[in-house]
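Open the structure in your viewer and keep the selection tool at hand. Each stop below says what to select and what is there.

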Amino acid sequence: MMTQPHDHWMDVALAEAEAAAARGEVPVGAVLVGPNPGEMLASAGNMIVETKDPTAHAEMLVIRAAAKRLGNERLVGATLYVTLEPCAMCAGAISFARIKRLVYSAPDPKGGAVAHGPKFFEQPTCHHRPEVAKLGGDQEASASALLKDFFRARR
C-alpha cells in the first residue's frame, strides 16, 4: 500500500520531469531518498541532450550524486522514486547501488526493464533485487500525460 511520503516524493520527481521537459529533455524525473525519513539525497531530471551523454538518465544522475555525497557506491536503505519505469541500464545501476526500494509511476512497455522487457530484477544473474512498487493514480496519470504531450509536440 502506498503512503503519503510516496506521494510527496513522486510529486518532487514529477517537478523534475516537468523541468526536464522545459529544457527540451524527455520528461523523466527521479528523487533518491536516504534511509532516514525525509532525507533527500538527490533529485534530477533527464539531461541527455544538455550534457550530450546517453547515460544521463534521471536515475543515473541521482545515483551518481548520492554516491558522491555519501562517499559510498552502496546506497543501502535508500528509496528511488522515478516517474517512468526504469530501462535496463538504470535497473542495472539500481541493483549495483544496492538501492532498497524502487517506486515508479508510469509504465514503459517499450523501453522499461522492470515490469516489461527483460524484467531485470527477475533474472538469476541479478545480484540485488530492490523492493518494487508501482505508484498509480494521479502521479501515474500526470507522468504519462507529460510524456505523451512531450512526444506529441515533436511529431
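This is a predicted model: local features need pLDDT of at least 70, side-chain atom pairs count only at pLDDT 80 or more; totals for chains, interfaces and linings use all residues.

Residues are numbered from 1 along each chain as its sequence is written, and side-chain values use heavy atoms, with hydrogens and water left out.

**Stop 1: helix H4**

Select residues 88–96, which form helix H4. Helices (H or I, at least four residues) and strands (E, at least two) are DSSP runs, numbered from the N terminus. Which residues of H4 are buried? They are Cys90, Ala91, Gly92, Ala93, Ile94 and Ser95. Buried means under 20% relative accessible area, exposed means over 50%, and partly exposed is in between (1.4 Å probe, protein chains only).

Now show what covers these buried residues: the cover includes helix H3 (58–70), strand E3 (79–84) and strand E4 (101–106). Just after H4, select arginine 98, which has a positive phi of about 60 degrees.

**Stop 2: the nonpolar cores**

A nonpolar core is a set of buried Ala, Val, Leu, Ile, Met, Phe, Trp, Tyr and Cys residues joined through side-chain atoms within 4.5 Å. The largest one has 35 residues. Select Leu32, Leu75, Leu80, Ile99 and Leu102, the residues with the most contacts inside this core. Strand E1 (29–33), strand E2 (40–45), H3, E3, H4, E4 and helix H5 (137–153) each give two or more residues to this core. H3 provides the largest share, seven residues.

Next, select isoleucine 99 and show its contacts (heavy atoms within 4.5 Å). Leaving out residues up to four places away in sequence, isoleucine 99 touches Leu32, Ile63, Leu75, Ala78, Thr79, Leu80, Ile94, His128 and Pro130.

A second, separate core has nine residues, among them Val31, Val33, Tyr81 and Val103.

**Stop 3: the aromatic rings**

How many aromatic pairs does a search of the whole structure find? It finds two. Rings of Phe, Tyr and Trp (its six-membered ring) pair if their centres lie within 6.5 Å; planes under 30 degrees apart count as stacked, over 60 as edge-to-face and the rest as tilted.

Select phenylalanine 120 and phenylalanine 121: their ring centres are 5.8 Å apart and their planes are at 90 degrees, so the pair is edge-to-face. Phenylalanine 120 is partly exposed at 22% relative accessibility, whereas phenylalanine 121 is buried at 7%.

Then select phenylalanine 150 and phenylalanine 151, with ring centres 5.2 Å apart and planes at 85 degrees, so this pair is edge-to-face.
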